[in-house]
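Dear colleague,

Please find below the structure that I am handing over to you, together with its sequence. My findings follow after it.

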Amino acid sequence: MKALLNTITIPGSPSSLWTTIRSVGVFNVACSFAALWTFVKVIRALRWRLRTTQLRGPPRTSFIYGVLNDLVSSKDSATMYEHWAQEYGVVYMIPSVFGQTRIVLTDPRAIAHFYARESWTYVQTPLSLALIENMVGRGIIWSRGESHRRQRKALTPAFSNAAIRKLTSVFYDSAYKVKSAWDTDVESSKDGNAVIEVQNWMNHISLDTIGIAGFSHDFGSLDGKHASVTEVFDAFGNNPQASAINQLFFLFASAFPIVAKIPTKRTTLAKKLNVTMGEISNDLLLRSRREKDVNMKEAEEEKSIIGLLIKAEGQEAELRMSEEEVLAQMKVLLLAGYETTSTSLTWALIELSRHTDVQTKLREELLAFGPDPTYDQLKANLPYLDAVVHEILRLHPAVPEFSRCAREDDVIPLSEPVCTRSGKMTDSVSIAKGSLMVISIRAINRSLAIWGPDAKEFKPDRWLTEDGISGKAKEVQGHRHLLTFVDGPRTCLGKDFAIAEIKVVLSVLVRNFVFEMRDGPDTQVEIARGILPRPRVVGEDGIGVPLRVRRYE
């Protein structure tokens, strides 16, 4: 091969390149590149093995997929991760696609170290970058390092306490529109009980709220107006038959990211969503530029999301963003506002319907308080509402799993030693550049080892006393010891916005309505695959969650 490579000279033009290839032989050139690619892969694999602590883990169940097919086809992958942690230790390895290995972190100290270095040492995987770019472009969730810091700093004022305090009335407007519509449904029912598909309504609340709060635009979905973006959002959850094919497709793509470029129904939907959100965002941006200095004072404008984005577009802006970045931020906010908050609200209504004692206790607190609480009162004066919301966020994180790739070598400290594959005990783990890292957020939030024997139970009371949160859980350094909003420099920017919106909606709905599962308290709920995992009552189409709703008298 060396002699062959020596005969290849660097061509000066495409025609000379083709002449060179023809003189050597296409087959020989192809073999040379294949051999070179294999050589590089072998060297990287050897380096990874030498520089990474070799840990124990579950055996490979598939020559091609490792254990990944077991995980993606499982109804409860979090329990699988937790079981492996009990068997192999707080950090372990799992076999992945085509001989790859993933390192799973379940130790609070290791996770804190990981998140502290996220965006610099630990970065998005090539597959994640390809999928994010296809769906929303190169915005804040695609970027890393200094670019991410700059974009985040430009947007931060829009999510301050002062900014969210001014938006509380927007949350209430959306909640009362739903109340009015449900009042009509209940009145028109024969026995004062209406069966309402609540997830659809929670989607509308989230979309209209982010439209008005973020971009001063009312999509009008709560008023029955057609919104093109909702059709594409909903299409992701309406094709369960394709889910198995999608799973296999993404398993292959995790090993060969180029596969993500192959058009499938899901990637085509993602691209369509990108285009649709792009058109909406561009229209909103053009309109807001025209209205600049007309409907808002400059100080107020710079604290709104759209105002900050317009400001960041300016040539003189300290934290300047390109038009591509500005549009990507708008698409990210539309997507996050629609998917994450609506999913959390749906889970809240499901859990309150399953646990009528909790629903009653929450309603009593809200009725005793009196009028609609302000933003500050929502934060400080309704402890049981706060407990219910955080228990929902603990049990049902919108993003259940988190994966990153090591950009450089690292050493991760542990809070307790683990046994390596060779039988040695170690209190730190060496990580080589290129290692694939995984944190199961759902597994950590529900871990028996971290949260105690009642970790799997919906138990809001745990948040009301100092010893309700176990010692191990207090070592988790995310918001309120949860990883739902992740941690570190990429902590969810809209965390306080989402919590305030959830609290407002629940305060209005629970005070005015009583909720039950349509088919009784033992109704089974499964996870459906939308853009993000969503709840669905077993047997329902799409992402249906029908509840029986009546007025509270």
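In what follows, a helix axis is a line fitted to C-alpha atoms over the stretch in contact, and angles run from 0 to 180 degrees between N-to-C directions. Please note that this is a predicted model.

With that convention, helix α10 (residues 198-215) packs against helix α16 (residues 323-354) at an angle of about 140°, and their axes are 8 Å apart. The crossing of α10 and α16 is right-handed. On the α10 side, the contact residues include M202, L207 and F215, while those of α16 include L334, Y338 and L349. By type, the residues of this contact comprise eleven nonpolar, seven polar and no charged.

The model also contains an open sheet of five strands with mixed pairing, in the order β1-β2-β8-β5-β3. Its edge strands are β1 (91-95) and β3 (122-123), each of which pairs on one side only. Strands β3 and β5 (residues 401-406) run antiparallel and are joined by two bridges; Y122 has A406 of β5 as its bridge partner. Helix α5 (residues 77-88) packs on the sheet, where it touches β1, β2 (101-105), β5 and β8. Helix α6 (residues 108-116) lies across β2, β3, β5 and β8, and runs at about 120° to β8.

Finally, I would draw your attention to S435, located in the loop between β7 (425-431) and β8 (436-440). S435 counts as buried because its relative accessibility is 2%, under the cut-off of 20%. Its side chain makes a polar contact with the side chain of W48 at 2.8 Å. Residues touched by S435 also include T52, I103 and R404.

With kind regards

Conventions: Residues numbered from 1 in each chain as written. Predicted model: local features only at pLDDT ≥ 70, side-chain atom pairs only at ≥ 80, totals over all residues. Heavy atoms only, no water. Helix = DSSP H or I, 4+ residues; strand = E, 2+ residues; numbered from the N terminus. Buried < 20%, exposed > 50% of the residue type's maximum accessible area, 1.4 Å probe, protein only. Polar contact = N/O pair within 3.5 Å; in protein donor to acceptor, adjacent residues only side chain to side chain. Contact = heavy atoms within 4.5 Å. Left-handed = near helix turned anticlockwise from the far one by under 90°. Nonpolar A, V, L, I, M, F, W, Y, C, P; charged D, E, K, R; others polar. Pairing = 2+ DSSP bridges. Lists of a residue's contacts leave out its neighbours within four places in sequence.
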